[in-house]
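Reader: I have not looked at this one before. Can we go through it piece by piece?
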Amino acid sequence: MNGASHIASSLSAILPILILMGTACVALMGDVFIWKRQRALTGIVALIGSVWALVVNLQQILGYGSSEPFSGSLVYDSLSQTTSLVLLIATVLSVLLAITYLRNRGLELGEYHVLLLFSASGAMLMGAANDLIMLFIGIEVLSVALYVLAGIARTEERSEEAAIKYFLLGAFASGFLLYGIALVYGATGTTNLQQINHLFSAKASITPILVAGIGLLIVGLGFKAALVPFHQWTPDVYEGAPTSVTAFMAAAAKVGAFAAFLRIMNAFMPVQPAWITAIQVLAILTMVFGNLLAVVQDNVKRMLAYSSIAHAGYVLVAVASTGMIYRHAVLYLSQGDRAAMFYLLAYVFMTVGAFGVLVLLSRSGKDYQTMNDLKGLARTHPFAAYTMMFFMLSLGGIPPTMGFLGKWLIFNAAISAHQVTLAIVMALASVVGIYYYLRVVWMMCFQEPEGAPATEHPVNDWAARWSVIVSLAGTLMFGVLPALLSPIMTGLYH
Amino acid sequence: MLTGYIPILAMVILAGVIASVMVFASFLLGPKKPTPYKETPYECGMTPVGSARERFPVKFYLIAMIFIIFDIETIFLYPWAVTFRSASHAVKLFNLIEMAVFVAILFIGYFYILGKNALNWGEAEEPTLKPMDRDVFRSRPPIRFGNEGSGPVDLSKARAISGDRTESVPETTGHQQGS
């Protein structure tokens, strides 16, 4: 392929990422120079940009193409396209959530939307990375923007604490990741994932340096995905950050990290014995501790943080039962990969939806966060209460929802990959999960409202309301009719 | 396999031994005639006035950060300029466009800084001391150098030069000959 056409095809392959970044730049300039007083316009520009990127991404998916842009440093296949789709859905929903919420909280900063778009583009880069260096760049673009977003409520101590904690631990985790990349390079002589895969397919030699490298990679990514021994920051950061940031952080950072997990683990498939035990142990720890610690939480945001840890454990079960198949140089995803992507989409709908309900309930200057705040919500705010109920049922994995179907797919994949222990632990942990999800429902529907009724009603936030409605529609529709996703995820269903 | 590293190991050990011998020998053998003058944090330079834990405008960091952005641009431009000439015409055009895009993105950052008035130092307020900090300065004993009244350094004159700070530090009560 000659240079010019290679560049052109490379650029068109990453068009959704370019659109997001370009929109972010335009929004930033507009925010500073053009519409200085009307900050909501920045949000609307960001919304238009992310919807545009979503449309382009859908076109790409339906085009069923695959290529390796930029001399193989990125890869553009069904996995990266689906990751982009999931991330763009999360971005659109988060931008919608934030527009009025930021004004209510007195945080109306144009930078919010700009950073959100940059962060999302970083996560998309992680999903498309075919090279460990690109993966690292993606993870940094994602994280640096998130560090700032976590502390965007500058005047609040909790938000500052969240930002500092996330930044320090995140920088530390980046160090681990980078060291892991260096060791893998030392063991294989390349940072290109496909070359690593070919190398080990020809001769699977497990050396100590390779095992150490993979281990450090798992630690670095495990931090971003909030797996259990590396999860300490999660509840504090999720609680301290403004709720709309938490929704995006919970969705995008996790999707990006798991896309990277799937890529790396598939590259190291021929040397599976070197890493499978670590993933299994992490998955069991994450599922068990995530669920058990969520039970004792009184703060809804903390509870959702631990629940997001537990969900990371479920997706890790899918990672443990992964294995892409290259047939005639075309990539076919295994059952585990498909289950992971489906579950991540379900997770985005459920989590953004659940945090979205909290955003919807927040009054000026105050977040709605404790279990007591939720008492008797069905009477005072029926819309919020009943949508929250569906998100809780979906997070718990109760049948007519996407959460159930995702869990079922992962369970299935784990059984057919002979990960029986993981499947059993997952089933048991889910049972514990149902307790605390239903506790929220019980608080909302069967408890009397506590104290005097709030004099100040939540602002009528149409944008956030639409975000919650779309999340709910996704959760229910794809839970009942998952076949609707098959034209989109066709690459995943071959 | 690792025999090639033996000279390096030997050098590390030798360097450690020599350095520690030098430090310990001067510690054991050297004559010690301490004067408080010698024990001030900076033996030469300004006479210390007040605490080092002062507030200063955080804009210094901002300037440092902005500097790094453009510093990296310069570093990136050098290898680009060196390899530019050797490329073919088509690649030259591509390189030119690529660098233009890179600089344009950097300039978005620069315009953002300008638009946010980050480079506007005019309105910067003097850092004001909180009452607590002022008390800390008051309760602090005056610094004595051991040569007051006899040595070449006239502390009271030095204080007078440093101006308005004099009020916050109480006058020394009686001079003492070196300890």
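Author: A definition to begin with: the expected span of a helix is 1.5 Å times one less than its number of residues. The model here is a predicted one.

Reader: What span should helix H10 of chain A have, and how far apart are its end C-alpha atoms?
Author: Helix H10 of chain A covers residues 208-225, which is 18 residues, so it should span 26 Å. Its end C-alpha atoms are 25 Å apart, which agrees.

Reader: Is H10(A) enclosed by the rest or exposed?
Author: Largely enclosed by the rest of the structure, because 13 of its 18 residues are buried.

Reader: And what comes just after H10(A)?
Author: A:Ala226, with a positive phi of about 60°.

Reader: Change of topic. How many residues of chain A are in contact with chain B?
Author: On chain A, 8 residues, and they touch 8 residues of chain B. Helices H1 (3-13) and H2 (15-34) of chain A are the elements giving two or more residues to that side. H2(A) has the largest share, 5 residues.

Reader: What classes are the residues on that side of chain A?
Author: They divide into 7 nonpolar, 1 polar and no charged.

Reader: Next, H17(A) and H20(A). At what angle do their axes cross?
Author: Roughly 40°, and the axes come within 10 Å. The crossing is left-handed.

Reader: Which residues meet there?
Author: From H17(A), A:Thr387, A:Phe390, A:Phe391 and A:Ser394; from H20(A), A:Val468, A:Leu472, A:Thr475 and A:Leu476. By class, that contact has 5 nonpolar, 3 polar and no charged residues.

Notes:
Residues are numbered from 1 along each chain as its sequence is written. Chains are lettered from A and ligands numbered from 1 in the order in which they are written. This is a predicted model: local features need pLDDT of at least 70, side-chain atom pairs count only at pLDDT 80 or more; totals for chains, interfaces and linings use all residues. Helices (H or I, at least four residues) and strands (E, at least two) are DSSP runs, numbered from the N terminus. A residue is buried if 20 or more other C-beta atoms lie within 10 Å of its own, exposed if 12 or fewer, and partly exposed in between; C-beta atoms are placed from the backbone. Two residues are in contact if their C-beta atoms, placed from the backbone, lie within 7 Å. Ala, Val, Leu, Ile, Met, Phe, Trp, Tyr, Cys and Pro count as nonpolar, Asp, Glu, Lys and Arg as charged, and the others, Gly among them, as polar. Axes are lines fitted to C-alpha atoms, for helices over the stretch in contact, and angles run from 0 to 180 degrees between N-to-C directions. A crossing is left-handed if the near helix is turned anticlockwise from the far one by less than a right angle, and right-handed if clockwise.
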